[in-house]
Amino acid sequence: MTRIGNSDLDVFPLSLGGNVFGWTADRDASFAVLDAFIDGGGDFIDTADSYSAWVPGNHGGESERIIGEWLASRKPRNVVVATKVSQHPEFTGLSGSNVRRAAEASLTRLGVDAIDLYYAHFDDETVPLEETVPAFGQLVDDGLVRHIAVSNYSAERIREWEDITTRLGVARPVAVQPHYNLVHRNVVEETIIPVAEEFGLGLVPYYSLASGFLTGKYRSTDAEGLASPRAAGAAKYATEAGLRIIDALEEIGAAHGASIASTSLAWLRAQPTVVAPIASARTVEQVPDLLAGARLELTAEEVETLNRVSEWSPARS
C-alpha cells in the first residue's frame, strides 16, 4: 500500500483506469474487470465525468454510472474512487459554479456520499485560479470531496494553485496526474516531479502503458487493420528506438517471470513521487498483468537500464 501525497488515502500501488467503461468495455465486461481487480487486491479506481462522451451515442458520465452501479451491487470495502471535472459536455470548464454542479452530478452517478479524490482534469485559463481554488476547497469543507488534485497542469500553474491555498487557507492538492511513461518522460521528470517533491504531491500517471505500446503488442508503426481503437496511438511509438525499449522490457521481465506490461508498470512505480500508475483493462484476462506490475520490484540496475535505453527514444518528450 502507498499513501497519496500528504493525504490519509493509503492505496494499492496501481489504479484501475475507468476510461474504457462504457466505451470498449460494456457494463458486464466492466463489472467483470472491476471484480477481478478487487479480488486481486486492488482498491483504487480512476475515472472522469467526461468518460466516455467521445463515443457516438454517449453523453459523458457513462464510466461513473457503471462504477456507481458496481459499487451499489458489490458494496466493496475501502475502495478509493477518483474522478475529474472540466470536460463533461454539460459541465465544461472550472468556474466555481460549474465545479460545484459537476461534483454533485458525479456524486449522483457514483452513488457515494463523498468523492475520495477530485481532480481538476485540464487547466482552464479562462477562469482565474482565485475562483477555481476556493471552489474546490469549499467542496472539501462541505464534505462532498475528501481530497483534491490536479491533472494536466504545468508546474507553474501547480505552484500558483499552491500559493493560493496558502493565502486563502483552503484545502491543498494531494496529487497530480500527468501523462508519463517510458516513452514520454522529459516534461514530467524535468518540471512536474520537482514541484511534486516540493509540495509533497503524489504522482498518479496516466497513459502508463502508452496506449498499449508498452504491452509489447504493437511492433509496427502501421496500425491499419488493428482492431483496437487505441492502436494508432500505440503504434506510433513502434520506431527502432521504441522497439529497443520493448526488447529491454522483455529481457528484464523474463528474469522475473513477468510480462512486458508488468515490467513497464514496475519501472514507473520506481520513479520519484509516483504512487500508483493508472492502467485500464477491457477484459478480465488483462487484469493479472496490471496487478503483477503493482507488486514487481525491479533492481536499481534494471531501472537504470530502462532509464538509459528509453533516453534514445525520439518519442520521449
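**Close-ups of a predicted model**

**View 1. Gln 286 sits in a loop, between strand E12 (278-279) and helix H10 (287-293).** Helices (H or I, at least four residues) and strands (E, at least two) are DSSP runs, numbered from the N terminus. This is a predicted model, in which local features need pLDDT of at least 70 and side-chain atom pairs count only at pLDDT 80 or more, while totals for chains, interfaces and linings use all residues. Residues are numbered from 1 along each chain as its sequence is written, and side-chain values use heavy atoms, with hydrogens and water left out. Leaving aside neighbours within four places in sequence, Gln 286 is in contact (heavy atoms within 4.5 Å) with Lys 217 and Ala 281.

**View 2. Helix H1 covers residues 27-39.** At the start of H1, a side-chain oxygen of Asp 26 comes within 3.3 Å of the backbone nitrogen of Asp 28. Ser 30, Phe 31, Val 33, Leu 34, Ala 36 and Phe 37 are the buried residues of H1, and their cover includes strand E3 (15-17), strand E4 (44-46), helix H2 (62-74) and H10. After H1 comes Gly 41, with a positive phi near 110°.

**View 3. Helix H5 takes in residues 155-168.** From first C-alpha to last, its 14 residues reach 20 Å, close to the expected 20 Å. Among the buried residues of H5 are Trp 161, Ile 158 and Ile 164. Strand E8 (115-120), helix H4 (129-141) and helix H6 (186-199) are included in what covers the buried residues of H5. Gly 169 follows H5, and its phi is positive, near 70°.

**View 4. Tyr 118 and Phe 213 touch the most other members of the largest nonpolar core, which has 88 residues.** A nonpolar core is a set of buried Ala, Val, Leu, Ile, Met, Phe, Trp, Tyr and Cys residues joined through side-chain atoms within 4.5 Å. Apart from this core lies another, of 16 residues, including Val 80, Ala 149, Val 174 and Val 275.

Conventions. Expected span 1.5 Å × (residues − 1). Buried < 20%, exposed > 50% of the residue type's maximum accessible area, 1.4 Å probe, protein only. Polar contact = N/O pair within 3.5 Å; in protein donor to acceptor, adjacent residues only side chain to side chain.
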